[in-house]
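Thanks for coming. I will walk through one structure today, starting with a strand and its sheet, then the pockets, then a few single residues. Please have the structure open as I go.

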Amino acid sequence: MLVEWDWWTVEFGDAHAGAVGVLVGGGEPGPVYFDVGSGPDIPSTRHWSAYDGRHRRPRAEALRAVCACGWRGVAEYPLDRATVGDRPLYEADVDLTGPLADWNAHLSLVRDKAAPLPEPLAALLVEITEQLTATTEDAPLAALRAVGVLERIAARVEREAAYELAEDGMSAEAVATGLGTTHTKALMLLLTAQGG
């Protein structure tokens, strides 16, 4: 079962994807399963809107922000059942600004701990993005070719930089923090660099 993330950034990708988490009885419930008859696969979800209490599903009592990195927001946002009524949550006008603001605050902390990009490099990345976007509109095949070149450059530089970090003995935790990624991804970068 895949988690259905509500929010995502280019900067951190799926390492810090965010979602609205559900609380039932003070804890996070398991996934909601959908009865679609017989068969080996039973569809399920953890999307907040499925916890509406209908069809014997758990009924969300409160919402909070969650992140793919494992972070959970401290603030809980109770669902006003008088406002929601018996409607499915996806039809109700549920205010998600609190969880979204909490997730954005979490991303700010991740961003503050990440290695800063030198200003000329950050500006160049913005310029490349703008050029690729413009090229996509005018010459999509050329844009794809440019992306392929950038992917090959990025892969080579990634290996070289990870090798330098591994040679310097930098820990996976420090690399994960510096990149704003998961410990697992950082460890894989270091191990791959050491092996090849």
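Start with strand β2, residues 13-23, which is mostly covered: ten of its eleven residues are buried. Buried here means under 20% relative accessible area, exposed means over 50%, and partly exposed is in between, with a 1.4 Å probe and protein chains only. The names of the elements come from DSSP runs, numbered from the N terminus: helices are H or I with at least four residues, strands are E with at least two.

Before going further, a word on what we are looking at. This is a predicted model, where local features need pLDDT of at least 70, side-chain atom pairs count only at pLDDT 80 or more, and totals for chains, interfaces and linings use all residues. Residues are numbered from 1 along each chain as its sequence is written, and side-chain values use heavy atoms, with hydrogens and water left out.

How confident is the predictor? pLDDT is its confidence in each residue, on a scale from 0 to 100. The chain has a mean pLDDT of 90, and 97% of its residues reach 70 or more.

Two strands are said to pair if DSSP finds at least two bridges between them. Which strands make up the open sheet, and in what order? There are four, in the order β1-β2-β5-β6, with antiparallel pairing. The edge strands are β1 and β6 (77-78), and each of these pairs on one side only.

Going across the sheet, β1 (residues 7-9) is joined to β2 by two bridges, and these strands run antiparallel. They form a hairpin with three residues between them. Thr9 has Gly13 in β2 as its bridge partner. On to the next pair: β2 and β5 (residues 62-67) are antiparallel and share six bridges. Here Leu23 stands opposite Ala62 in β5. Ala62 also has a bridge partner in β6, namely Pro78. β5 and β6 are joined by two bridges and run antiparallel.

Next, the pockets. In general, rolling a probe the size of a water molecule over the atoms shows where empty space is left. The search uses a 1 Å grid over the protein atoms alone: a cavity is a set of points where a 1.4 Å probe fits but cannot get out, while a pocket is an open set with protein on both sides within 12 Å along at least five of seven lines, and lining residues have an atom within 4 Å of a point. Grid points are joined across faces, edges and corners, and the volume is the space filled by probe spheres set on the points.

The largest pocket holds about 1,800 Å³ of space. It is lined by 37 residues, and the closest to its centre are Glu11, Leu117, Leu125, Glu158 and Leu179. Two or more lining residues come from each of β2, α3 (119-138), α4 (140-167), α5 (172-179) and α6 (183-195). The largest share, ten residues, belongs to α4. By type, the lining has 26 nonpolar, five polar and six charged residues. For that count, Ala, Val, Leu, Ile, Met, Phe, Trp, Tyr, Cys and Pro are nonpolar, Asp, Glu, Lys and Arg are charged, and the others, Gly among them, are polar.

The second largest pocket has a volume of about 230 Å³. Of its 16 lining residues, Gly21, Glu28, Arg46, Val66 and Arg72 are the closest to the centre. β2 gives the most to this lining, with four residues. The lining divides into nine nonpolar, two polar and five charged residues.

Finally, some single residues. Lys113 is in helix α2. Is Lys113 buried or exposed? Lys113 counts as exposed because its relative accessibility is 60%. Leaving out residues up to four places away in sequence, Lys113 touches Thr177 and Gly178, where contact means heavy atoms within 4.5 Å.

The last two sit in the loop between β4 (44-45) and β5: His55 and Arg56. His55 has a positive phi, near 55 degrees, in a residue other than glycine. Arg56 is not a glycine either, and its phi is positive at about 65 degrees. His55 is exposed at 61% relative accessible area, and Arg56 is exposed at 85% relative accessibility.

Definitions and conventions. pLDDT is the predictor's confidence in each residue, from 0 to 100.
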